[in-house]
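Visitor: Please take one part of this model and look at it closely. I would like the helix packing and what surrounds it.

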Amino acid sequence: MSLPSVSSANSDQSEPQQIIRRRRRRPRISRMRRSPFHTYNEEEFKNRFRLSKHFVRFILDLIRNRIKPLTARNKSISAMNQLLITLRFYACGTYQINIGDHFNVSKATVSRIVHKVSHNIAGL
């Protein structure tokens, strides 16, 4: 049994079948990201990130230009949240998916952020 050629296969299908075969785009997921820096008071913040807010601001000032998003497109993650994601990973030593759930980002995004921020902190 031979398979029909691509051109004859497309012409033999009815219009509804052609519509079904088209690739559908996944809907864009827009997540609200909170800022733990402003959500928690000093004591709660220190319990979660193991550093004071003052020291986190100091570190951020040192590496902000290297980790800030290049554009504001696609709900980019701020330099502050990138640093907080990395510090939370250091403080907890937990799975990246748990940290991603806390910040409403994917596991892959957490991995990229931790790598980038860690590299920049190590370069200080």
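Guide: The axes of α6 (residues 79-92) and α8 (residues 107-122) come within 9 Å and cross at roughly 90°. Axes here are lines fitted to C-alpha atoms, for helices over the stretch in contact, and angles run from 0 to 180 degrees between N-to-C directions. α6 and α8 are therefore roughly perpendicular to each other; that term covers 65 to 115 degrees. Helices are DSSP runs (H or I, at least four residues), numbered from the N terminus.

This is a predicted model: local features need pLDDT of at least 70, side-chain atom pairs count only at pLDDT 80 or more, and totals for chains, interfaces and linings use all residues. Residues are numbered from 1 along each chain as its sequence is written, and side-chain values use heavy atoms, with hydrogens and water left out.

Now the contact itself. From α6 come Gln 82, Leu 83, Ile 85, Thr 86, Phe 89 and Tyr 90. They meet Val 110, Ile 113, Val 114, Lys 116, Val 117, Ser 118 and Ile 121 of α8. Contact means heavy atoms within 4.5 Å. By type, the residues of this contact are nine nonpolar, three polar and one charged. Ala, Val, Leu, Ile, Met, Phe, Trp, Tyr, Cys and Pro count as nonpolar, Asp, Glu, Lys and Arg as charged, and the others, Gly among them, as polar.

Next, the core. The largest nonpolar core has 23 residues. Such a core is a set of buried Ala, Val, Leu, Ile, Met, Phe, Trp, Tyr and Cys residues joined through side-chain atoms within 4.5 Å. Buried means under 20% relative accessible area, exposed over 50%, partly exposed in between (1.4 Å probe, protein chains only). Phe 45, Phe 49, Val 56, Leu 83, Leu 84, Ile 85 and Phe 103 have the most contacts inside this core. Two or more residues come from each of α4 (42-49), α5 (53-67), α6, α7 (96-103) and α8. α6 gives the most, with six residues.

α7 has its own buried side. Ile 99, Gly 100 and Phe 103 are buried there. They cover an arc of only 105° around the axis, which puts them on the same side of α7. The arc is that of the directions from the helix axis to the C-beta atoms. Their cover includes α3 (36-39), α4, α6 and α8.

Pro 36 links several of these pieces. Pro 36 sits in α3 and is buried, at 1% relative accessibility. Leaving out residues up to four places away in sequence, Pro 36 touches Phe 45, Phe 49, Asn 81, Leu 84 and Phe 103. Pro 36 and Phe 103 are 67 residues apart in sequence, yet 8.6 Å apart in space, C-alpha to C-alpha.

Asn 81 belongs to α6. Asn 81 is buried, with a relative accessible area of 8%.

Arg 50 lies between α4 and α5. Arg 50 is not a glycine, but has a positive phi of about 65°. At 54% relative accessibility, Arg 50 is exposed. Asn 104 follows α7, in the loop between α7 and α8. Asn 104 also is not a glycine, and its phi is positive, about 60°. Asn 104 is partly exposed, with a relative accessible area of 31%.

Conventions
Parallel < 35°, antiparallel > 145°, perpendicular 65-115°, else oblique.
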